[in-house]
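Subject: Structure for you to look at

Hello,

Here is the structure I said I would pass on. Please have it open while you read the notes below it.

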Amino acid sequence: MRRAVTLATVAAVLAATAAGSALADGAAAGPTTAAGSAAGSTTRADSTTGSAAQRRGSLLDRVPARGVLRVCTTGDYRPFSHRDATTGAYTGIDIAMAGDLAESLDAKPKFVATTWAKLVEDLAAGRCDIAMGGVSVTLERAREAAFSEPYLTDGKTPIVRCEDEKKYRTLDDIDQPGVRVVVNPGGTNEQFARAHIKRATLTVHPDNTTIFDEIIDGRADVMMTDASETRYQSKIHPELCAVHPDKPFSFSEKAYALPRADAQFKEYVDQWVHLATHDGTYQKYADDWLARPVE
């Protein structure tokens, strides 16, 4: 209840600030002549600095008005986002977080299926209001989308059959002729692998939900993915071991991707993330998911 009141207060303050700024701008402008008004209208019509989102109003207002928060998610990245192939139902840490965010906005979440290759494109095209599900912050993505305050620090690290745990500890160990590296397409895993794998055999496996079976069944030797995923997959697949997940090869952060021009909505989501990561909300969802029995 305290978090709900706090977030409601944040929303009211942001709305009041925006309204006050508009009034102040109007007062400062003062009266205009008919010619000046016409010139100003032409200038505004020709301007390319205003965004479509700003002209329509912030999602901070539109989401509560429609009662639905549209969430782009891949559904193939446990423990953050998983879509059941039979029922179509979504579960995961970020799925629970999406429900919490929607509730704070007097709305319900509606999950929009996407892929890693299309995630930012779908967000920028307005097919959803936010992208969630273990999204790593990258400069390439930041050119098309804004990012919330990060909620998790992560990085790429190997996952291998446990008997090979000591065999593939460095990038040089992995990037050798005869080593078979497998990767899922379209995201930061593929980007990292293509940047570092030059001598080993690199295979793109199209289904991120079955990719770990490639290692278990002996068709691949190594996958490099986020340390958070290697920890979870080694939990549900005892044949697999995460290699030094506390000291990954790279640094990254996970956050929620947002429309680039909607500053008011971003400020609200930032405040929501800050509260959720400090009042135990995020940790509760993470603990609940990781405590689930192995499927």
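The structure holds two disulfides, a disulfide being a pair of cysteine sulfur atoms within 2.5 Å. If you number the bonded cysteines of the protein chain in sequence order, they pair as 1-2, 3-4. Before the details, note that this is a predicted model, in which local features need pLDDT of at least 70, side-chain atom pairs count only at pLDDT 80 or more, and totals for chains, interfaces and linings use all residues. Residues are numbered from 1 along each chain as its sequence is written, and side-chain values use heavy atoms, with hydrogens and water left out.

Cys 72 sits in strand β1 (residues 68-73) and Cys 128 in the loop between α6 (119-124) and β6 (130-131), so distant parts of the chain, 56 residues apart, are linked. Helices (H or I, at least four residues) and strands (E, at least two) are DSSP runs, numbered from the N terminus. Cys 72 is buried, at a relative accessible area of 0%, and Cys 128 is buried too, at 2%. Buried means under 20% relative accessible area, exposed over 50%, and partly exposed in between (1.4 Å probe, protein chains only).

The other disulfide is between Cys 162 and Cys 241, whose sulfur atoms are 2.1 Å apart. This link is right-handed, with 95° about the S-S bond. Cys 162 lies in the loop between β9 (156-161) and α8 (171-174) and Cys 241 in strand β13 (residues 240-242), so the pair ties together parts that are 79 residues apart in sequence. Cys 162 is partly exposed at 25% relative accessibility, while Cys 241 is buried at 16%.

Next, helix α4 (residues 59-66). Its buried residues are Leu 59, Leu 60 and Val 63. Seen down the helix axis, they fall within an arc of 105°, so they line one face of α4; the arc is that of the directions from the axis to the C-beta atoms. At the N-terminal end, Ser 58 caps α4, with a side-chain oxygen 3.0 Å from the backbone nitrogen of Leu 60. After the helix comes Gly 67, with a positive phi near 75°.

Last, Thr 230, which is found in helix α11 (residues 227-236). Thr 230 is buried, at 0% relative accessibility. Leaving out residues up to four places away in sequence, Thr 230 touches Thr 157, Pro 158, Ile 159, Thr 225, Ala 242 and Pro 245 (contact means heavy atoms within 4.5 Å).

Regards

Methods. A polar contact is a pair of N or O atoms within 3.5 Å; within protein, one must be able to donate a hydrogen and the other to accept it, and residues adjacent in sequence count only if both atoms are side-chain atoms.
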